[in-house]
Amino acid sequence: MPINAKDVDWVEEPPMNFWEATFLPAVVDGLRATGHHVTHFKPVTQMYPEVASDLPKHYRGVHRLNRDDAGRVKCVACMMCATACPARCIDIVAQEAPKDDPNWVDRDKFPKSFVIDELKCIYCGMCEEACPVDAIEMTHIYDLTGMTRQEMLFDKEKLLSVFDQTKDCGLDPVRTHKGKLGPASDFEQLPTLGPATQVRSDDRSAKSATPGVIK
Amino acid sequence: MFEQVFQWILKWLPEAVHPYVMPMLVIAIVLQVNLGVCSYLILLERKLSAWMQDRHGPNRVGPMGLFQPVADMLKLLLKEDVIPGHVNKFLFVLAPGISVFTTFLAFAVVPFGPVPDGLTPGDGKFPFIIAPGIDLGIVFIFAIGSLAVYGIILGGWASNNKYSALGCLRASAQVVSYEIPLGMSVVGLAMLNSTMSIEKILLNQANQGLIGWNIWYQPLACIIFFIAAMAEAQRLPFDLAECEQELIGGWHTEYSAMKWGLFFLAEYTHVITISFLTSILFFGGWHFPLIAEADSAYAGATAVKVFVLLSKVFAVIIVIQMLRWTIPRFRFDQLMSLAWMGLIPLATINVVLVMFVKQFELNTLWLFPLSIATFVIAGLMATQSSRPFARRGPAAVEPAAHGGHAHAH
Amino acid sequence: MKNGALLIPVVLGWLAVWWMLPREKGRSRILGALMALGALLALQVTFLPPVGNVVRDSLFYLFSGTAILSGGLMITDRNPVFAALWFALSTLAVCGLFLLNSAPFLSAATIIVYAGAIVVTFLFVIMLAQQSGASNYDHHAVQPVMASVMSFVLLGALLFALQEWGGIDGKAADEVKAGQFVAQDAKVRANIFSQPPSSNKNEIGSMRVLGRSLFSDYLYFVELAGTVLLIATIGAIAIAPRRSQGTL
């Protein structure tokens with residue numbers, strides 16, 4: 001179907017004045033602008049290996065598996081992260097918690113194995129959003145290298161060790177998702193820090209009536 | 001000193017080759033210096049681009065990144081040289097060669113220092129030009145420059161790739177169009193100086209001092225020449241033939257390794273040549289008031305003159321490289337209308353003005369206000385013609401449809 | 001017959017070109033090449049330029065050989081792009097001959113006009129028109145016999161005139177060495193507008209002499225050519241479709 005002539009927006013180019021029509025003043029003006037950048041040189045590039053780069057607070061790097069106060073893995077093997085993952089890089093094998101062990105008396109399940117393929121992962125943060133117990137979180141570690149694909153498959157121990165490395169560095173506080181405390185969270189109340197937990201006042205979730213929302 | 005060494009070398013050579021020794025020496029020097037300068041111009045361009053965009057630019061290889069050209073060259077030489085299966089192999093290999101050959105050949109008539117008088121082959125004076133005494137230097141450069149487009153056309157066609165084909169079609173139309181204003185802009189110079197030899201035009205300016213610089217007589221021609229030469233060299237903002245955003249690289253899409261490097265070498269040699277031409281034809285060449293006059297004969301005057309010329313050339317190169325990030329690329333119809341509706345009429349009027357002044361034997365300085373007036377009038381006419389096209393063109397659009405959007409932008 | 005020997009290269013050359021012209025079925029290229037070589041050798045016996053400077057002679061043979069060879073290949077090549085390129089090469093070789101004969105301006109102007117503009121336009125059109133490869137009419141010549149006969153009759157006439165006049169035949173060897181094939185005509189010198197030709201050998205073929213000659217001795221022809229070009233331009237503008245007619 002042809003477009004109706006009434007629906008066409010005709011945007012006219014603005015008429016040029018004399019100086020614009022001769023082009024040269026505009027060229028000189030542009031040269032002054034580019035020249036100013038050369039003479040007043042203030043680079044925004046960071047000299048990466050020498051200078052640690054200044055990452056934003058919500059940077060999404062390598063995952064970690066949080067521990068609770070008892071040092072156990074916080075994950076309850078609910079598979080929500082694996083379900084949410086668009087890249088399907090999370091592989092969890094759940095195991096029933098040993099009921100006779102006093103350490104596990106408050107848990108139904110725990111992950112027998114928890115493997116994230118860091119090469120498949122697209123670092124979108126959906127797993128972090130999906131996790132009901134704040135067990136999986138993303139850290140500021142970005143310089144991830146390995147010699148083989150095999151060693152880029154991060155298993156439970158590795159992910160827990162990432163937590164041990166990063167929990168005290170200040171950049172990666174234990175977060176919550178969308179400003180709500182998860183049901184199995186070991187916080188009594190929400191920590192007041194961490195931009196990832198902040199909800200902008202114009203966000204829909206900020207106006208939700210659910211208790212535990214940070215205002 | 002140089003002459004004695006040269007004569008001593010000649011003694012060891014057979015008589016028959018004596019006339020060829022000095023040209024060969026100059027060619028060798030020019031080639032080597034040019035290769036080095038080109039690679040460092042690429043570094044300079046990368047650095048300048050970076051500074052203009054608030055980046056650091058290449059700074060890892062050597063101090064301040066000064067060895068980056070070496071690394072680049074090594075990379076180009078050691079990279080896999082891919083010749084795709086669907087190309088016309090002969091022309092594919094030939095094309096970068098033509099590009100480099102023509103641009104180097106054009107440099108043969110460009111003086112890069114004070115050319116001594118009365119040169120004879122084998123007298124041991126360093127000529128500062130590969131081919132001294134060519135009567136039609138400028139025409140020669142244009143002739144060779146018009147051949148340079150073959151490198152692009154053949155490379156693009158032989159690549160058998162739609163981006164390359166589009167690039168080389170654009171290039172051929174562009175080069176053929178911009179040859180006309182390029183040639184016309186120097187016709188005025190040739191008439192004023194009664195010669196087409198680049199050396200003689202330079203000497204004419206130097207003999208008259210600062211007031212003899214052609215920029216005072218031909219400011220309009222200088223602008224036209226500079227614009228057209230940039231278009232001939234396919235430099236931004238006229239690089240529609242390679243145009244990374246639309247054409248992936250245009251005619252050199254399929255090229256890799258040193259063949260690609262040769263195209264780049266050709267482009268930078270072209271930039272050097274047009275910078276030399278601009279500074280020699282319009283800005284007095286090696287002449288500079290007080291320190292490098294035509295009759296200055298103090299020790300080291302030659303070196304100072306070479307230095308002055310190279311400084312001017314360097315300044316022009318800097319301007320060319322700054323323009324790269326200053327002006328956005330033209331659209332193709334704008335490119336064509338700039339040549340055919342802007343530069344060619346202006347160049348023609350400029351030639352007519354020179355004829356007028358020469359015929360009525362006015363003071364040639366009249367050409368300065370006349371050129372400026374021409375430019376101003378052209379600007380006023382452009383103001384008229386740049387009215388919104390809906391009002392200017394045929395009544396295809398009813399005025400009511402766009403009346404309300406006149407200030408939408 | 002004095003000029004009978006001329007028939008051999010002309011007929012041989014005609015045979016070679018006729019044999020090699022594009023056809024539905026390919027013919028032996030070697031046979032054509034042999035005939036062409038024979039023609040060139042026979043021609044070379046008749047029109048041998050005087051032996052002078054080694055460098056100059058070798059350059060002459062290089063340029064003239066390239067010109068003839070690429071001219072023949074231009075006619076016989078089936079690929080139109082290559083034909084255009086052979087044309088360009090032929091033009092360049094002829095420009096080299098101009099340079100050898102102290103006509104640098106003519107050479108440069110020919111390069112600019114032919115190699116730089118016209119062949120580029122040819123290539124432009126060929127690339128635009130034949131994006132899907134060579135078309136049917138590139139595979140065979142339309143009238144191979146008539147076309148080649150006519151052209152070689154012309155060539156024969158040219159060769160005959162050259163031999164009768166004898167400019168290259170060793171008689172005018174001094175002139176050749178001085179850098180020109182054609183001795184200046186007495187009538188041209190008598191023109192009141194033309195300056196006496198410069199005694200300086202370097203001035204021959206220079207822009208100054210050429211311009212003076214063009215605008216005094218050949219003024220009518222220059223004006224006539226200019227008028228023809230102007231009429232052609234006006235005609236082109238008149239024929240070309242207008243934007244208002246919706247075709248452009």
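## Basis of the model

Because the model is predicted, local features need pLDDT of at least 70 and side-chain atom pairs count only at pLDDT 80 or more, while totals for chains, interfaces and linings use all residues. Residues are numbered from 1 along each chain as its sequence is written, and chains are lettered from A and ligands numbered from 1 in the order in which they are written.

## Chain A

The secondary structure of chain A comes to 5 helices and 5 strands, where helices (H or I, at least four residues) and strands (E, at least two) are DSSP runs numbered from the N terminus. Read from the N terminus on, these elements follow the order α-α-β-α-β-β-α-β-β-α.

Of the 215 residues in chain A, 19% are buried; a residue is buried if 20 or more other C-beta atoms, placed from the backbone, lie within 10 Å of its own, exposed if 12 or fewer, and partly exposed in between. Among the contacts in chain A with a separation of 6 or more, 68% come from residues 24 or more positions apart, two residues being in contact if their C-beta atoms, placed from the backbone, lie within 7 Å.

## Helix H2 of chain B

Helix H2 (residues 18–52) of chain B has 35 residues and reaches 50 Å from its first C-alpha to its last, close to the 51 Å expected at 1.5 Å a residue, the expected span being 1.5 Å times one less than the number of residues. Its buried residues include B:Met22, B:Asn34, B:Leu48 and B:Trp51, and what covers the buried residues of H2(B) includes helix H2 (24–39) of chain A together with helices H3 (68–78), H10 (257–281) and H11 (301–324) of chain B. H2(B) is followed by B:Asp54, whose phi is positive, near 60 degrees.

## Chain C and its contact with chain B

The contact takes 18 residues from chain C and 19 residues from chain B. On the side of chain C that touches chain B, helix H5 (residues 104–129) gives the most, with 14 residues. The residues of that side divide into 14 nonpolar (Ala, Val, Leu, Ile, Met, Phe, Trp, Tyr, Cys and Pro), 4 polar (the others, Gly among them) and no charged (Asp, Glu, Lys and Arg).

Helix H10 (residues 219–239) of chain C has 21 residues and reaches 30 Å, close to the 30 Å expected, and H10(C) is hardly covered, with a count of buried residues of 0.

## C:Asp77

C:Asp77 is found in the loop between helix H3 (54–76) and helix H4 (80–100) of chain C, and C:Asp77 counts as partly exposed because it has 19 C-beta neighbours inside 10 Å. Leaving aside neighbours within four places in sequence, C:Asp77 is in contact with C:Phe82, C:Ala83 and C:Trp86. C:Asp77 and C:Leu21 are 56 residues apart in sequence and 7.8 Å apart in space, C-alpha to C-alpha.
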